[in-house]
Amino acid sequence: MTRFWTRLVVVLTVILGLNYVAWRWASSLNWDAWWIAVPLVVAETYSLIDVMLFGMTVWQLKIRKGAPAPPHDATVDVFITTYNEDLDMVMTTALAAQKIRHPHSTWILDDGARPELRALAEDHGLGYVTRSEDWTANVPRHAKAGNLNNALMITHGEFLLILDADQIPEPDILEKTLGYFNNRRVALVQTPQYFSNVPAHDPLGSQAPLFYGPIQQGKDGWNAAFFCGSNAILRREALMQLGLVGYVKETEKSIRRALTASRSAIRHARKSADMDTPLVAEVLDAVEAATREAQEQLTAGQPLSEITYRVRRRVDAAVQILVQADMSALQTDLEEIAAMELAHVGEAGVPVVTDDAVQRMSARDWSPLGALESVQAVLDALNVERTDEAQPIMPLATISVTEDMATAMRMHAMGWESVYHHEILAYGLAPEDLKTMLTQRLRWAQGTIQVLLRENPLVQKGLKISQRLMYFATMWTYLSGYAAIIYFAAPIIYLLLGVLPVASLSWDFFLRFIPFMVANQLLFAVAGRGIPTWRGQQYSLALFPTWIKACSTAARNVWFGRPLGFAVTPKARQTGGPSWSLIRPQIVVSVLLAVAAVVGIIRLATGLAEPLGTLVNVAWVIFDLVVMSILVRAVLYKGYEPAGDAGAGERKADGV
Amino acid sequence: MEFSYEVKDSYAEVKADGRLNMVSAPKLREFVTDVIAGGSSRIVVNLENTAFMDSSGLGALIGCLKAARQAGGDLRIAGVQPQVKMVLELTSMDRVLTAYASAEEAFSND
């Protein structure tokens with residue numbers, strides 16, 4: 001029944017939305033003010049697409065009845081990932097994990113390698129994992145993805161429950177989820193992330209009831225519910241398969257790259273002075289022949305292991321010949337010197353090395369190998385050991401700081417299925433100050449945009465069209481920062497300058513706009529089934545500087561290899577007074593909006609502006625300011641204070 | 001799962017009998033690492049009695065290949081059964097490793 005009404009409202013919203021935006025494009029643009037008219041209609045189109053993708057998501061809303069009984073012999077590793085979190089917090093989570101009822105092994109994955117934590121883990125009979133010696137200073141560490149990938153090589157449970165250090169699990173978390181894996185194609189079961197340290201009015205917008213609700217349930221309906229990093233169970237076989245496929249792909253890519261690079265390295269080596277030495281030329285010929293043959297074998301589809309083995313053997317043999325020849329040349333030189341010295345001794349009775357001999361020795365390159373160094377470097381890259389990474393197999397994707405989404409997308413592309421289980425089975429801790437919260441949101445947004453730019457879901461082979469759109473929908477929402485700027489600019493421009501982006505504010509406008517807006521809000525209400533969505537709507541607009549920063553830094557990172565300026569989200573509360581500087585852009589925009597409203601009213605009073613335009617734009621300003629007002633509460637928020645027993649009861653007493 | 005090895009003329013043959021899965025995979029890696037440490041870096045993993053292999057098993061083979069290469073040798077596989085062949089193809093690992101018909105053939109070309 002819910003589904004019927006949801007779909008009805010979706011259809012209604014899409015029709016009304018298309019009706020409005022099509023009219024906006026076709027016959028409402030004020031071309032005299034194209035510089036604001038066009039951006040505004042583009043922003044509105046962006047929002048319409050956003051709503052349509054949301055409509056598509058909730059169209060397939062899947063309400064699951066719970067999992068069948070779990071296979072009793074399923075082996076499970078519970079991973080608690082930590083880097084620098086408070087030891088008490090880690091241990092509280094770890095001990096709760098130990099009490100999970102289904103048989104399992106609990107492991108603390110300590111990326112901080114803290115001896116105190118190791119001791120605590122040992123005292124309580126918990127597994128403790130740090131990075132193996134393969135993670136040298138020369139390879140990327142890949143943050144949490146690296147931490148998990150390292151642990152995957154050491155443990156061997158069939159399933160993995162992944163928990164952030166603050167996510168205290170219920171004892172029945174596995175009993176309620178493992179049964180989904182009776183379906184051999186299921187690779188992931190995600191449960192909600194819920195925070196126990198958040199007051200009812202949720203000043204920082206920490207709870208995401210719309211996401212861990214209709215959105216994930218809708219994605220689930222399209223077999224596109226994705227991994228969110230914690231409170232999820234994964235099938236090891238699926239992860240390892242991803243690791244293998246990724247290994248083959250990366251190895252082939254790096255071999256192709258090395259073979260291409262070897263050609264120019266050989267060319268450069270040929271130009272060097274050592275070409276006077278026939279042996280160097282011969283060795284280069286041999287290397288060139290070997291790499292050319294390797295290229296042919298690669299094209300012919302021969303296995304990479306053998307291609308690299310053969311080319312290395314051939315080159316090694318050639319280099320050996322070179323070294324030998326070099327040594328014998330040196331020997332000859334020494335003999336020549338000796339002969340000359342003898343001559344000197346014969347003449348003057350004192351052994352001296354003549355200038356003539358020194359010159360002759362230096363004129364000749366002592367080490368013809370030196371000329372081949374660049375060639376050698378390229379050849380070193382010609383391997384199947386993936387020497388640029390700590391371990392050849394990297395099951396969790398490392399293309400993004402949000403490894404979870406990228407990993408899930410690859411799983412879906414390989415034909416695996418996922419499940420969203422809509423029941424809170426772990427209780428976490430949300431950031432309690434604005435600064436930490438902003439860092440966290442920035443990280444999520446950056447990671448999502450990284451995935452969009454590196455592995456655009458719209459062109460991923462193996463994904464169904466619906467799955468592509470489901471991943472794309474999440475990425476699309478993070479572009480909202482640009483639209484927000486235009487939504488703020490338009491009323492300011494009208495109220496200050498009298499420039500209207502719409503040709504006229506006639507009935508035509510209201511008759512199309514208002515029904516769409518009403519249907520839009522109705523859609524959220526029906527799809528959300530009474531859950532609070534207003535906080536989320538506020539933050540998606542109010543955090544526009546964060547979203548823009550995320551897009552620009554992620555693009556710089558992907559396209560130009562610049563660092564993201566990434567920081568691990570601190571779990572502990574940041575101290576200090578209210579930090580207004582964190583929301584400086586929003587303060588500037590709010591002041592501009594308020595000033596514009598006042599100026600607009602003055603212009604109206606002096607007859608410079610028309611009443612309808614002023615009314616609409618002042619209303620718009622008021623809406624924007626109400627949206628932005630949440631930030632004032634966020635800045636002033638002093639952290640969570642449990643309200644006596646009521647607050648304490650929120651976290652279920654499970655003996656921890 | 002049972003591991004054994006035998007040093008031949010130009011290589012060491014490692015036999016992995018049984019099911020090479022997530023439980024036995026780390027053991028294979030350990031076993032082969034020991035064989036390499038014992039001085040044989042040219043390894044043939046004979047899979048004729050390996051009835052089943054999963055992705056963790058293949059992952060362990062890659063780990064062994066890396067160890068053998070770093071010791072200046074190589075690792076090859078022989079005698080793959082139909083299920084193993086299927087896993088090799090599914091993960092496109094057949095792009096990396098050649099499956100030889102027998103252990104003797106694995107190093108016969110060099």
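**Reading helix packing and burial**

Mentor: In a left-handed crossing, α1(A) passes α2(A). Left-handed means that the near helix is turned anticlockwise from the far one by less than a right angle; clockwise is right-handed. Helices here are DSSP runs (H or I, at least four residues), and strands are E runs of at least two, numbered from the N terminus. This is a predicted model: local features need pLDDT of at least 70, side-chain atom pairs count only at pLDDT 80 or more, and totals for chains, interfaces and linings use all residues. Residues are numbered from 1 along each chain as its sequence is written, with chains lettered from A and ligands numbered from 1 in the order written.

Trainee: At what angle do the axes of α1(A) and α2(A) cross?

Mentor: Two packed helices are described by the angle and the distance between their axes. Here the axes of α1 (2–27) and α2 (34–59) of chain A come within 10 Å and cross at roughly 165 degrees. Therefore α1(A) is roughly antiparallel to α2(A) (over 145 degrees; the angle runs from 0 to 180 between N-to-C directions, with axes fitted to C-alpha atoms over the stretch in contact).

Trainee: Which residues make the contact?

Mentor: Contact means C-beta atoms, placed from the backbone, within 7 Å. Among them are Val10(A) and Trp25(A) of α1(A), and Leu48(A) and Trp59(A) of α2(A).

Trainee: Is α12(A) mostly covered or uncovered?

Mentor: A residue is buried if 20 or more other C-beta atoms lie within 10 Å of its own. In α12 (403–413) of chain A, eleven of eleven residues are buried. Their cover includes α7 (236–271) and β9 (417–420) of chain A. Gly415(A) follows α12(A), with a positive phi near 95 degrees.

Definitions and conventions: Buried ≥ 20, exposed ≤ 12 C-beta atoms within 10 Å, placed from the backbone. Contact = placed C-beta atoms within 7 Å. Parallel < 35°, antiparallel > 145°, perpendicular 65-115°, else oblique.
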